[in-house]
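Please look at the sequence and the model before reading on.

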Amino acid sequence: MIRRTLAVVFVILMTIGMGLFPVSAEEYEDSDTIILRIANCEEYIDEGHWGEDEVIDLESGDVFGNNPMIEDFENWYLKTYGKKVKIEYSTYGTNEDLYNQMTLGDTFDIVCPSDYMCLKMMDEDMLLPLSDEFFDKSNKNNFYVNGLSPYIKNLMETTTINNRKWSDYSAGYMWGTMGFVYNPKKISREEASTWKLFENSKYARQITIKDSVRDTYFGVLGLLYSDKLTSPEFKNSKDYNKKITELMNDVSPETIDKAEKKLQEIRDYTYCFETDSGKSDMVAGKTVASFQWSGDGVYTLDQADEDNFYLEFAVPKECSNIWCDAWVMLKDGIQNDKEKQDAAEAFINYISRPDNVIRNMYYIGYTSCISGGNDDRIFEYADWCYGAEDEDNTVDYPLGFFFTGDESDKNYIIKTTKDQTKRQLFSQYPTSDVLDRCAVMMFFDDEENARMNQMWINVRCFNLSSVPLFDWLIALGIIVFIAVLVTVIVFRNKIFRRKRLKGFKRIS
Amino acid sequence: MFKFSRKQLCIPYAVFLLFFVIAPLVVIIYYAFTNGKGEFTFNNFTNFFTDSNTIGTLIYSMFISLVTTLVCLVIAYPVAYILANSKLKRKSVILMIFIMPMWINFTLRITAVKEILTAIEGNLAYYPFLNTIIGMTYDFFPFMILPLYNALEKIDRRLIEASHDLGADGVTTFIKVTFPLSMPGVISGITMVFLPVMTNYVVLDMLYNSTYIMGSLIGSYFNAYDWNNGSMISIVLLAIILVVTLFTNKLGNITGENRGATL
């Protein structure tokens with residue numbers, strides 16, 4: 001009887017458990033709620049719940065992250081457009097993870113991959129172009145088009161694939177460069193401002209490198225072409241930036257072979273290839289320099305500041321990579337649902353609203369692509385972060401190139417300390433001479449990618465030919481010894497069998 | 001009417017097995033023997049044995065496994081032996097001290113080891129191989145000592161007394177009686193250390209050994225969208241594990257019955 005009762009209870013519980021999912025799905029279908037599936041990098045949007053002392057008190061008003069931005073958007077959309085929207089938010093680790101997930105059958109409506117992945121998706125015709133209404137400047141709710149930095153706008157418009165502009169399909173989110181976080185007490189700024197740092201024997205095993213094929217390949221090319229890139233002829237040549245972009249996107253087999261050889265050498269000079277530990281090791285003082293993206297650089301510097309540990313950021317003098325993560329809408333997810341597309345574009349506009357931009361920048365530490373247009377709050381925020389009052393020790397740091405496209409614009413100059421021109425401010429808003437030598441890294445086709453990945457595997461795997469003969473002999477000796485030992489144990493009864501005594505029978 | 005029998009209690013496990021062991025295995029086998037376009041091929045298999053990277057990685061992983069296993073064995077055996085023969089009343093408490101680290105997640109423990117090693121060595125990057133062995137040994141030590149202790153504890157004291165009565169001295173008794181009788185423990189200890197170490201790439205990652213072992217190599221193939229070659233490496237690794245297990249089982253059968261020394 002007890003058994004039967006138990007069984008019945010089991011069955012009931014299971015039915016309830018299975019029933020839960022369809023019930024919740026039906027709930028959506030019944031109402032007019034628009035469901036928006038968003039995938040974003042981990043920790044890449046303000047999740048709210050700030051501490052009370054974290055209020056950003058700008059002159060034009062306080063900015064504070066109370067609720068997660070996703071929730072704020074849902075409420076804002078209902079209030080502004082009178083429609084209910086429900087966001088299904090998920091995160092991924094890398095661009096490749098996202099792409100893998102989508103090929104495995106996950107569908108999203110709007111995602112935020114890096115530049116090269118946007119271009120790859122464009123090439124594979126996965127993306128829906130942004131609508132004309134989205135670019136309508138007269139609509140005051142179109143925060144994106146009204147606030148996009150002229151510098152980023154130009155960058156996205158001049159980057160094309162198959163004669164289609166990147167800017168028609170993507171809305172920029174965060175951008176930055178690559179460089180080295182370094183400890184100025186141990187290493188000079190000059191030494192840290194070159195890709196040659198990778199093979200500087202003075203700092204052998206004290207520099208971390210990213211465990212990422214694309215970024216490290218870029219750095220190694222910078223090292224290989226260092227002399228060429230810094231020569232005056234090259235620097236003064238016409239189409240200087242175009243030439244850098246060409247050079248740094250060279251993935252021909254010969255160049256990859258050269259890079260592989262170089263990487264084999266560099267491998268023995270690094271502290272490690274890291275995915276995340278480089279930042280904390282830098283703050284802990286275990287390394288003297290660390291190859292980082294600018295946003296992570298800001299984060300590292302901030303962390304070090306909390307421990308009163310002074311670090312700086314440098315961008316290699318040869319060239320650097322300019323990267324930009326951008327929101328794109330997927331054909332597969334949105335299909336022809338106009339309501340959904342409107343909601344997706346409204347989402348981009350909402351997170352491009354200056355106060356939300358500030359919230360995200362504060363939370364993530366990266367630099368937004370939005371400069372605010374007529375709204376000066378974003379510049380005010382930069383000034384709030386890095387401005388200094390003291391007249392004697394301050395320097396002028398122009399930000400005009402980013403905010404208006406005019407480097408000499410007097411309204412966009414921050415008075416800041418000398419240190420800041422080598423620190424957070426410099427990594428968040430690099431100077432225009434840095435940007436002149438920054439190149440976008442394009443996407444590579446399957447064959448080129450396979451070649452690069454193979455190169456990385458070759459570099460990381462144990463190289464048999466590097467083992468000296470003597471070591472082989474020792475290894476062989478050990479193996480033979482173990483083999484003999486095992487054989488002796490297994491067959492010891494046969495080997496050590498005693499002579500049978502006459503008159504006795506063997507009992508087995 | 002639904003009739004309940006005890007057998008049905010196995011259903012949850014059977015379902016689990018189906019979804020998380022058998023189904024993935026089928027998928028791996030499918031990918032291992034097809035190319036990117038889904039056509040049947042043996043290329044992945046030949047790739048494995050002609051590519052110097054995979055062979056090099058296999059050798060490197062096995063070497064790490066071998067050294068770790070030996071170090072574990074050499075450290076654990078005397079401890080287990082002394083513990084098993086001691087007249088202490090609370091042996092289990094002492095044993096627990098050795099096993100206690102297993103209660104804490106191993107990545108946390110390795111993080112701690114990393115800090116200690118940094119304090120001792122100054123710069124971790126100079127001794128990647130040594131660090132790897134230390135980390136692995138620390139990680140897998142409990143898996144070696146437990147079966148050894150179990151096997152040694154269960155040895156019938158009377159056999160050792162008999163050996164002494166027959167005139168054997170301590171060393172002879174150990175070689176002729178104690179050690180052979182503890183073989184099941186030794187073998188299960190070796191199995192439980194040698195095989196997992198080959199793929200435990202997290203320890204290498206965390207202790208900054210930038211050379212790939214089998215685990216990281218498989219991961220790198222999957223990250224590079226090359227599921228076919230990645231699956232093939234997994235299959236070969238599975239085959240190696242199978243062979244080693246069969247071999248050690250046979251060894252266990254020859255050296256004596258298995259006295260519940262496996263964990």
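A:Arg205 counts as partly exposed because it has 17 C-beta neighbours inside 10 Å; with C-beta atoms placed from the backbone, a residue is buried if 20 or more other C-beta atoms lie within 10 Å of its own, exposed if 12 or fewer, and partly exposed in between. This is a predicted model, in which local features need pLDDT of at least 70 and side-chain atom pairs count only at pLDDT 80 or more, while totals for chains, interfaces and linings use all residues. Residues are numbered from 1 along each chain as its sequence is written, and chains are lettered from A and ligands numbered from 1 in the order in which they are written.

A:Asp125 counts as exposed, because 8 C-beta neighbours lie inside 10 Å.

| Residue | Phi | Loop in chain A |
|---|---|---|
| A:Arg205 | about 60° | between helix H7 (189-192) and strand S11 (207-210) |

Chain B holds 11 helices and zero strands. Of its 263 residues, 35% are buried. The C-alpha atoms of chain B fill a box of roughly 70 × 70 × 35 Å along the principal axes.

Between the chains, 21 residues of chain A are in contact with 24 residues of chain B; contact requires C-beta atoms, placed from the backbone, within 7 Å.

Technical notes. Contact = placed C-beta atoms within 7 Å. Helix = DSSP H or I, 4+ residues; strand = E, 2+ residues; numbered from the N terminus.
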